[in-house]
Structure formats: structure tokens, C-alpha cells
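Open the model in your viewer and show it as a cartoon. The stops below are meant to be selected one after another.

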Amino acid sequence: MSEESWHEARLIPTSGINGAEEQERRATSALLAVLSAVKEFGRSFVKPFGAPAGNMECYIEVPFALGERRLYPDGLIRVSRGSKSWTALVEVKTGPNQLGAEQLESYLDIAREQGFDVVITISNEIPPIAGQHPTKVDKRKLRKVELHHVSWSQVLADAVMQKEFRGVADPDQAWILGELIRYLEHRKSGALEFDDMGEAWVGVRDAVAAGTLRQSDKGVSEVITRFDALLRFASLQLGRQLGAEVVPVLTRKELTDPASRVQAMTTTLCQTGTLTGVVRIPDTVGNLVITADLRSSKVTCHVDVDAPREGRPTTRVNWLIRQLKATPDSARVESFVAHGRGSAMAELLGTIRENPASLVDDSGREIRTFRIATTATMGTKRGRGRGAFIDSVLTSIDGFYSDVLGSLRAWSAAPPRLRPTDAAAKGIDQDIPSALSSTDYSSQDDEPHHPQAVDHSPTAEPDLANASSDTAADRLLE
């Protein structure tokens, strides 16, 4: 018998999962067991919810009485430090199952009666804004107990970040965390990726294409919420590959009032047919802007880069081109000048490579900013796979980082050069009595109106520090 058909034994097997109940129980048990076994991962999971550092204990299906009912939350986490303890109830959903408001309110009541601190929910639902819960509950029940949500995508991303980038001190614990990652990445685990734009997607998409979408139409807000959730999922996925915390960018108003963002995006979608979001990737030159145009069926990613503050216009263009070696010729580059409205010039990268001056306008004004953009065909299907909207957005984001954003570096001015301070370099006569000579070097000694300080010897080298600003900067940039 060929060994190629043998299956390696796993700490957390996916075989034998029959039905949603078994899938949910196994995912809960696997996660909570690894949280208590791998100290670094367990600490990173509970810290955002206010848990102290301490000894962690995890349990599943703990029974509680609420009135005449007997309820079994999926899990319980307790962190003890000295005489103090922090306790959280955990409710888990896998696959397409969604959290129920009535069930969560019952668990909030149990937590309040027992003096617990938090109720944590885990499901495949991804809220459009971090910190927002996907299920609406009675706010009066949140007066003494906090309610937090984590998506399975977030759990998986955090696990990969901890193992591959932050590190796990104990090799055995690192292996255990790797087994959890393998389990969650398996399709049978129920920890699904973002795979649906919602029931309203097709109707809204067709209305935008026909130019008949109205702000009052049913389903517009759902599509906008799903788009923001897609950006959060894309950020988690990209951050998992980069080992960095990639996050969607929201204004302060949008964070405090999520409805304002939905309203603004609804207006934009009806007027221009576009959905737009911004993602921040640490240590990059600028934010990544994603625009999905439902009318033209195009997805565009772009980034704005500050141009060098020195040098001729073509020198600044060449500085940018040298960094875009892996960028396709079809990418669009725009230049923005000082005191100008909109882009001054726009051209394809292939043309600019042949003629850098094609990105310089005739006004002679200083180029302040460049914008690099790539455009791809947008999928239209609501699910995943070939021709799907979700996949086209994810592919565009990953491709833009790989081809453009990942290779760009911000410009920085060259450090200032030291002036010569020895007497020979200044041309000072060594035979002049010390009583008649200046006792200190002045920064003005080499100015044109001090002829005694200018070196007129034929062998003197040119002073780049006093050369024209354009010439010196061009030499540095080129």
C-alpha cells in the first residue's frame, strides 16, 4: 500500500464532524484548549477585553440556571491573578449560522447574576467597523456586563501572527498553535472566509448599472455594510501574510457614528455608482484606496506619494520610476502640482518610462504629489470563485501591494554637509600675526561679499553646498 494515501495524525482532527452541532462543539473546545495551553496566544486573545495577566482556565458547556431554564453557554474563560479573577462567557457559531439576540441577552443576564465581566461571541460574521457587534441587543443589559465579538477570520489571523511573527517561546506550544491554525484553515472546521455579498447585492448592482438606484431603495445599506466587512476581511488576510496589523481607515466621525458613513456612501453610490474604502498598511508611503465602480465594472487601487522637495520636475519623475520596476506598464500615474486643482498630468507608466517629461506640465510649477493607480475587471457574482466581486477585490488589493505599494519608499532629504574648518581650506595666510587675524571661523567667511575668504586658486574644487539648489538636488536624486 502506498504511503502517499496515508493521513498524518492530527492533534485536532477534522474527521468525524457530522452536523453543525458537532462542528461548533469541536471548534469551541479546540480554541479554548489552545488558549489555555499557549500562554502568548491566550494572553493576546483576552487582553483586548480587559483581562489581567494571570493563570487561565477554560471550560466548555458550563450549565447555568436562569429562572426556570437551564442554559449551557458554549464556553467559559477565567483568568486569575492573586485574589482577583476575570471571567467571560463564550458563545460560538460556525459555518453560516448567525448569533441570536435572545440567546445573547440570556447570557448577559447570567453574567450579571454571576458577577462575570464579559460575554464574548465568535462567528463568521464580520462587523463593518472594529468594535461593533453584529447583533443588536437591549442596551440596558450592557450596563454591568460588556459584549464583544471576534470573527473566526480574526482568530485565525491572530493565531498566525502569534506563531509566525510575534513568536512562541516554548517549541511544543508553538506546535500546538500550529495545529489549531491547520484545523481552522480546513473547510470542515466551519471557520469560513468572507464568501457572500448578501441577498441584496444583485438587485443593487443591477440598479446601479441601469442608473435607477435611489437612496431609499431596500438593500443599499446592507451592500455598503458588506463592502466594509469585505475590506476588514481583506485587511486581516493581507496582515496575516505580511505579519503586520493592516486596518481599514475611518474618520473620527465614522468611528463614533457608523450611520454617518453608511449615509455618505449611500449618496456616493447613487450619484457615482462607486464603493470606496481606505486601508492602512504599516510602514508604507501612503494609504491604499480601493474603489469599486459598479457602472464600469472596474476595481481601482491607488496610493498618493509625496514627491521629492528638491530637483527638476523630470528628476522627480525619474525618482518615482526607478521604484516601480515591478509595476506593469498599464498602471496610471498622475502628477499634482503646487496650488493646482486636480491632477496636472496623467499618463500610463509605459509611456512615462520612455519619456519622463510626459508627466510634466508646461506651467513649470513644482510637482508635489504622485498618484499611482491600477485597474482590473470587477467580478459581479455575490459569492466566491471565478467572476465573483469578492475575489476581484481581494486579488486587486494583493496585486497592488505586490506590484506597487510594497516597493515604494518615501523620499528624504540628504543630510547637510560639513564645511571645511582648517585654515588651508579657507585660504588664510599662515604668516599673518595671530594678533591681527580673526580668532574664530565665521559661517559668513565664504560669502561673496567677503573676498578675503574666497579661494581663487585654479585647483580649488567646486563647493556643492553652495551650488544651485536644482543642480545639487538633481545629483542626489539621479
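In what order do the seven strands of the open sheet stand? The order is β8-β9-β10-β11-β14-β12-β13, with antiparallel pairing. Two strands count as paired if DSSP finds at least two bridges between them. Strands (E, at least two residues) and helices (H or I, at least four) are DSSP runs, numbered from the N terminus.

Before going on, note that this is a predicted model, in which local features need pLDDT of at least 70, side-chain atom pairs count only at pLDDT 80 or more, and totals for chains, interfaces and linings use all residues. Residues are numbered from 1 along each chain as its sequence is written, and side-chain values use heavy atoms, leaving out hydrogens and water.

β8 is joined to β9 by two bridges, and the two run antiparallel. Pick Pro 248 and look across to β9, where Val 279 stands opposite. Next select 274-280 and 288-293: these are β9 and β10, antiparallel strands joined by six bridges. Thr 274 has Asp 293 in β10 as its bridge partner, and Thr 276 has Thr 291.

**Helices across the strands.** Select 220-242. This is helix α7, which lies across β8, β9 and β10 and runs at about 30 degrees to β9. Then select 258-272, helix α9, which lies across β9 and β10 at about 130 degrees to β9. Axes are lines fitted to C-alpha atoms, for helices over the stretch in contact, and angles run from 0 to 180 degrees between N-to-C directions. Contact means heavy atoms within 4.5 Å.

**Helix α12.** Select 389-403. The 15 residues of α12 reach 21 Å from first C-alpha to last, close to the 21 Å expected at 1.5 Å a residue; the expected span is 1.5 Å times one less than the number of residues. Which residues of α12 are buried? They are Phe 389, Ile 390, Ser 392, Val 393, Leu 394, Ser 396, Ile 397 and Phe 400. Buried means under 20% relative accessible area (1.4 Å probe, protein chains only). To see what covers them, show α6 (201-210), α7, β10, β11 (298-306) and β14 (367-377), which are included in that cover.

**The whole chain.** Zoom out to finish. The protein chain has 14 helices and 14 strands, and buried residues make up 42% of its 478 residues.

Note on methods
Buried < 20%, exposed > 50% of the residue type's maximum accessible area, 1.4 Å probe, protein only.
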